[in-house]
Amino acid sequence: MKFGKRLQSQIEETLPEWRDKFLSYKQLKKRLKLIAAPDCFTDAAFDASPSPPPLGGLWSSPEIEFVRLLNNELRKFNMFFIEKEEEYVIRLQELKDRIERVKRQRGTNYDDPLQNVGDDEVLRVFRDIVTFHGEMVLLENYSSLNYTGLVKILKKHDKRTGAVLRMPYIQSVLLQPFYTTELLSKLVQECERNLESLFSVSLETSTLLKQGDSHPGSPVDILHQSQGSSCEAVETIYRSTLKALRTIQDIRQGSSTQSIFSMPPMGPVENKNHEKAVINETTTTAVAVIQ
């Protein structure tokens, strides 16, 4: 499946309020088509030394607009990601407090999850953990998809113009908050441990991908078996979670040829200073600048 179709499919499957937060891939492609290819395209595209820039060392107007749009997309990713990450830190602590209250009130023997989800409060905690875990996995997928989209659109740019923008731009992307998912991965793992300790149910990636959404003992199966439980909302986000996990898996393992632009394993090294590196929109040489 082409990336554009995959991205659109994920946008349609994700939470409605997230849909305008993804990469504007179609808009970037349209903007890229406005950039004129060099006269000697073959020489420019394959010469190890990029050809001299137009306009006496400055980008053309369409190129400036293209890079400006890229920078705006980065800011959009970062604002959304930071907001959600801060929200998830708070929500996880609230869930942990609720779990402790449930344990104190009902004892600590939760060997049979099917029996315990019959309790209304325990059922609500169970639903909220599954939903919360799903949202965090969707945010991991958000990071992977947007990074991949940037790599692909920059590859198209360099191929069309013969310029070398992808390398320096992606180097700056690696410093962005939306790409540094180490904290998010820790939150996901802690959420999984809490669910497993309380209900003996695993939400680990390997287990979810193996079970699917209808396997006996899966979270959705448990909710279906609990009397009087309506779990349509949980089912929806659970299935979206499975699709997101498969997409992440495809992105990270989709090519047999690894390159410097390939996605690393989950939890890349976090940028402790959280620099907001973007590309200077008016100079010929693509360089990271701190804003």
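Nine aromatic pairs are present in the structure, which is a predicted model. One of these is formed by F22 and Y142, whose rings adopt an edge-to-face arrangement with 5.0 Å from centre to centre and 70° between the planes. Because F22 belongs to the loop between helix 1 (3-13) and helix 2 whereas Y142 belongs to helix 6, this pair ties together parts that are 120 residues apart in sequence. Both F22 and Y142 are buried, and the two residues also belong to one aromatic cluster together with W18, F77, F80 and F178.

A further aromatic pair, that of Y147 and Y179, is tilted, with 4.9 Å centre to centre and 45° between the planes. Here Y147 is contributed by helix 6 and Y179 by the loop between helix 7 (166-173) and helix 8 (182-199), so that parts 32 residues apart in sequence are tied together. Y147 and Y179 are likewise buried.

Helix 6 comprises 42 residues (residues 120-161), which at 1.5 Å a residue should span 62 Å, and the 61 Å that separates its end C-alpha atoms agrees with this expectation. Helix 6 is mostly covered, with 31 of its 42 residues buried, and is followed by G162, which has a positive phi near 80°.

The axes of helix 6 and helix 2 (residues 25-33) come within 11 Å and cross at roughly 10°; the two helices are therefore roughly parallel to each other. In this contact, Y25, L28, K29, L32 and K33 of helix 2 meet G149, K152, I153, K156, H157 and R160 of helix 6, and by class the contact comprises four nonpolar, two polar and five charged residues.

Conventions:
Residues are numbered from 1 along each chain as its sequence is written. This is a predicted model: local features need pLDDT of at least 70, side-chain atom pairs count only at pLDDT 80 or more; totals for chains, interfaces and linings use all residues. Side-chain values use heavy atoms; hydrogens and water are left out. Helices (H or I, at least four residues) and strands (E, at least two) are DSSP runs, numbered from the N terminus. The expected span of a helix is 1.5 Å times one less than its number of residues. Buried means under 20% relative accessible area, exposed over 50%, partly exposed in between (1.4 Å probe, protein chains only). Axes are lines fitted to C-alpha atoms, for helices over the stretch in contact, and angles run from 0 to 180 degrees between N-to-C directions. Angles under 35 degrees count as roughly parallel, over 145 as roughly antiparallel, 65 to 115 as roughly perpendicular and the rest as oblique. Contact means heavy atoms within 4.5 Å. Ala, Val, Leu, Ile, Met, Phe, Trp, Tyr, Cys and Pro count as nonpolar, Asp, Glu, Lys and Arg as charged, and the others, Gly among them, as polar. Rings of Phe, Tyr and Trp (its six-membered ring) pair if their centres lie within 6.5 Å; planes under 30 degrees apart count as stacked, over 60 as edge-to-face and the rest as tilted.
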